[in-house]
Amino acid sequence: MADAVIAHNYSPLPVVAAEAHGAWVTDVEGRRYLDCLAGYSALNFGHGHPVLLEAARDQMARATLTSRAFRNDRLGPFCRDLATLAGMDLVVPMNTGAEAVETAIKVARRWGYEVKGVPDGQAGIIVAAGNFHGRTTTIVGFSTDEVARRGFGPFTPGFTVVPYGDAEALRAAITEHTVAVLLEPVQGEAGVIVPPAGYLAAVRAACTQHRVLFIADEIQSGLGRTGSTFACDLEGVRPDIYVLGKALGGGILPVSAVVSTAEVLGVLTPGSHGSTFGGNPLAAAIGSAVVGLLETGEYQARARTLGERLRNRLEPLIGHGLDAVRTRGLWAGVDIYSALMSGRTACERLALRGVLAKETHGSTIRLAPPLVIEPNELDWAVDQLAEVLQEGSF
Ligand SMILES: *Cc1c(COP(=O)(O)O)cnc(C)c1O
């Protein structure tokens, strides 16, 4: 079969998707599945959201790619609206999340040299253990996941890893050459790890005190998932740089962005950074439509109420097959008894019952359905999980 020609950098569940609408995916045999992964939050608004599809169709009929060598009439409005949503001044449009993280790293380093006055070549960036920021060589170089790193060195220097959730350790790692701290406000791929209350505020304070940029990688946590536009909002914290992606493309195209102040993004000059596809009119039109959906607050509110429902349904399973549950909005990390089954096995059993979910590692699975899911559908998904746990290890 044709799939034999696909390189093995994934190990997909045996479900062959053919169509998807809202929170539901249909496979080639016509079986329906409730999507509880939502493209790792790229599908926050569900599959084929009518407003986003209409924006894409309209724009496809007008212009799709013009290149940044010329201006296009969609990019300015998109960047203005996204900057307003984030309360920032400037936007660098990119495509994938990893590219946006790379952009933030480049900008922070240049800001360090030109604005903070760090000696050339000495800029340091502090990151957290358990991080996931993408797959480029620089980014996997500061990953703590051996599977992501092995065989890909030599790696880019200039990164220091500290434990996640420990503000004192982070503060102690700051030197006069530190230009930035790069963190996920909630670690998604690590298993929806929510840091202790006050952590992000303490990081903010340390960054401000030492004139270090706080870069929040909100590629997975941002744009509605946690019940707020940004996960940082939940802690009342404003970073210096937001890194956005995933849901920004509405599940249609890869659209990412770095959003920050004029002081920080002002270090970019013509020729110093760019992207063939970044900021193309189709991506900008879709991004604008996504910002429009978020401006209503409707999706953030859904994530809050549905998230509370999800937490209330999952917590009774602690002690009945689950060791722990962590939630932030409509986003849950669920630790299954490791002796009972692996996360992979749980996801295979869930798929047989019509629920698509993905393990993060070990016996931890992530539940992150589209924010358009209905309450009864959410209940049904948790019921399927409860039954998988009850079946036990066979
Ligand atoms: C998915 C993700 C990325 C990488 O995004 P890609 O579009 O896959 O390159 C970076 N950071 C976080 C927090 C992510 O969840």
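## Helix α2 and its buried face

Start with helix α2, residues 50-60 of this predicted model. Leu52, Ala55, Ala56 and Gln59 are its buried residues. Look down the axis of α2 and they sit within an arc of 95 degrees, so they line one face of the helix.

The buried residues, for their part, pack against α10.

## How α2 meets α10

The axes of α2 and α10 cross at roughly 155 degrees and come within 9 Å. With an angle over 145 degrees counting as roughly antiparallel, α2 and α10 are therefore roughly antiparallel to each other. Their crossing is right-handed.

On the α2 side, the contact is built from Val51, Leu52, Ala55, Ala56, Gln59 and Met60. Facing them from α10 are Pro281, Leu282, Ala285, Ile286, Ala289, Val290 and Leu293. Sort these residues by class and you get 12 nonpolar, 1 polar and no charged.

## α3 on α10

Helix α10 (residues 281-295) also packs with helix α3 (residues 75-86), at an angle of about 30 degrees and with the axes 9 Å apart. Since angles under 35 degrees count as roughly parallel, α3 and α10 are therefore roughly parallel to each other. The crossing of α3 past α10 is left-handed.

From α3, the residues involved are Leu75, Pro77, Phe78, Asp81, Leu82 and Leu85. Their partners in α10 are Ala284, Gly287, Ser288, Val291, Leu294 and Glu295. This contact splits into 8 nonpolar, 2 polar and 2 charged residues.

## α12 and α13

Ala346, Arg349 and Leu350 are what α12 brings to the contact, while α13 supplies Gln384, Leu385, Val388 and Glu391. By class, the residues come out as 4 nonpolar, 1 polar and 2 charged.

Key. Residues numbered from 1 in each chain as written. Predicted model: local features only at pLDDT ≥ 70, side-chain atom pairs only at ≥ 80, totals over all residues. Heavy atoms only, no water. Axes fitted to C-alpha atoms, helices over the stretch in contact; angles between N-to-C directions. Helix = DSSP H or I, 4+ residues; strand = E, 2+ residues; numbered from the N terminus. Parallel < 35°, antiparallel > 145°, perpendicular 65-115°, else oblique. Left-handed = near helix turned anticlockwise from the far one by under 90°. Contact = heavy atoms within 4.5 Å. Nonpolar A, V, L, I, M, F, W, Y, C, P; charged D, E, K, R; others polar. Buried < 20%, exposed > 50% of the residue type's maximum accessible area, 1.4 Å probe, protein only. Arc of directions from axis to C-beta.
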